[in-house]
Amino acid sequence: EKKSGPGFQKARNSRLMAVMRRDAERAEDYARRHGVPRWYTDAQALVDDPEVDAVYVATPPSSHREYTLLAARAGKPVYVEKPMAMTFPECEEMIAACRDAGVPLFVAFYRRAMEKFLKIRQLLGEGAIGEPRLVHLTLSQPPTPEEVAGDLPWRVIPEISGGGRVVDLGTHMLDLLDFFLGPITSVQGLAGNQGGYFEAEDTVTASFRFGSGVLGVASWCFVGPEWLDRTEIVGTKGTVAYSTFDADPVTLVAGGRTEEFAIPFPPHVQQPLIQTVVDALNGEGECPSTGESGARTSRVLDTILEEYRAQSRRGPLLPPL
């Protein structure tokens with residue numbers, strides 16, 4: 001309705017030609033209200049539409065692989081929601097299918113193109129905090145009323161989402177660190193279920209190392225008392241701190257001074273990244289979020305959750321990063 005659909009219509013050289021939903025009434029309603037020329041109830045029909053040049057997969061993770069492979073077989077570029085897939089091996093299969101079909105694969109880690117996070121990358125690139133040394137990441141929030149009542153959203157049903165809210169939200173945070181500091185090359189993690197509201201993990205900790213040598217620690221708690229969203233990158237000359245999901249100012253502390261950068265989120269948060277996808281497809285630029293970068297984040301998260309998933313008899317064990 002707001003996050004992504006209008007972005008396809010408002011991006012330069014882009015048009016939203018068709019939408020698909022299994023519920024015909026809802027598909028038709030969306031198309032009518034948003035001025036979309038055609039609607040479908042079958043994904044194959046949408047993919048086969050000759051006027052559809054590229055496909056956006058906006059389903060839950062359990063069907064990302066299926067629809068990505070469907071589009072690749074039809075020779076259509078793919079823009080798939082995050083997390084990229086249920087597991088890293090699925091990501092590898094999607095990358096291979098698109099590579100073999102000769103079509104690009106993009107992942108909707110849209111924060112990579114938002115002005116707030118581009119500012120952080122700029123500060124790091126300019127050496128505003130010197131050489132990065134340490135990352136400390138924390139996300140905490142209470143269980144939702146639906147979770148407490150047992151009316152579980154799909155985001156905490158592992159068979160649909162791949163895990164709990166760390167899979168839904170933690171992926172954004174880890175992907176941003178990949179964008180800022182490069183790939184994580186070593187990671188260890190622990191996960192547990194302390195609230196008992198659902199089967200998936202609700203509390204997770206991790207420690208990791210980037211290829212550059214920067215170290216990091218992270219904690220996610222989704223049975224906490226209140227919302228806390230903070231990531232801090234410590235360097236040899238200062239620190240930069242930010243929230244991933246709130247529009248709070250970016251805070252730079254360096255040289256005995258504190259500076260804040262208040263940068264609002266765009267009305268349609270995916271539109272800036274969608275623009276980079278459109279530009280890349282038109283040969284006019286590059287998209288910063290690809291299948292390769294999206295798969296790196298899935299691999300890191302798979303490794304963090306490996307022990308918990310093994311105990312829950314979900315997912316294959318992976319070799320160490």
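Visitor: What follows α5, and what's its phi like?
Guide: That's Gly102, with a positive phi near 70 degrees. Keep in mind that this is a predicted model.

Visitor: Okay, back into the helix. How does the span of α5 agree with its 14 residues?
Guide: At 1.5 Å a residue, α5 should span 20 Å, and its end C-alpha atoms are 20 Å apart, so the two agree.

Visitor: Which residues of α5 are buried?
Guide: Phe88, Cys91, Met94, Ile95 and Cys98. Looking down the axis of α5, they fall within an arc of 115 degrees, so they line one face of the helix.

Visitor: And what do they pack against?
Guide: The buried residues of α5 pack against α4, β4 (78–80), β5 (105–107) and α11 (291–304).

Visitor: Let's take α4. How do the axes of α4 and α5 cross?
Guide: At roughly 5 degrees, coming within 9 Å. The pair is therefore roughly parallel.

Visitor: Which residues make that contact?
Guide: From α4, it's His64, Arg65, Thr68, Leu69 and Ala72. α5 brings Glu90, Glu93, Met94, Ala97, Cys98 and Ala101. By type, the contact has 6 nonpolar, 2 polar and 3 charged residues.

Visitor: New topic: Ser140. Is that buried or exposed?
Guide: Buried, because its relative accessibility is 11%, and the cut-off for buried is under 20%. Ser140 sits in strand β6 (residues 132–140).

Visitor: What does Ser140 touch?
Guide: Leaving out residues up to four places away in sequence, Ser140 touches Cys221, Gly224, Glu226, Trp227 and Leu228.

Note on methods:
Residues numbered from 1 in each chain as written. Predicted model: local features only at pLDDT ≥ 70, side-chain atom pairs only at ≥ 80, totals over all residues. Heavy atoms only, no water. Helix = DSSP H or I, 4+ residues; strand = E, 2+ residues; numbered from the N terminus. Buried < 20%, exposed > 50% of the residue type's maximum accessible area, 1.4 Å probe, protein only. Contact = heavy atoms within 4.5 Å. Axes fitted to C-alpha atoms, helices over the stretch in contact; angles between N-to-C directions. Parallel < 35°, antiparallel > 145°, perpendicular 65-115°, else oblique. Nonpolar A, V, L, I, M, F, W, Y, C, P; charged D, E, K, R; others polar. Expected span 1.5 Å × (residues − 1). Arc of directions from axis to C-beta.
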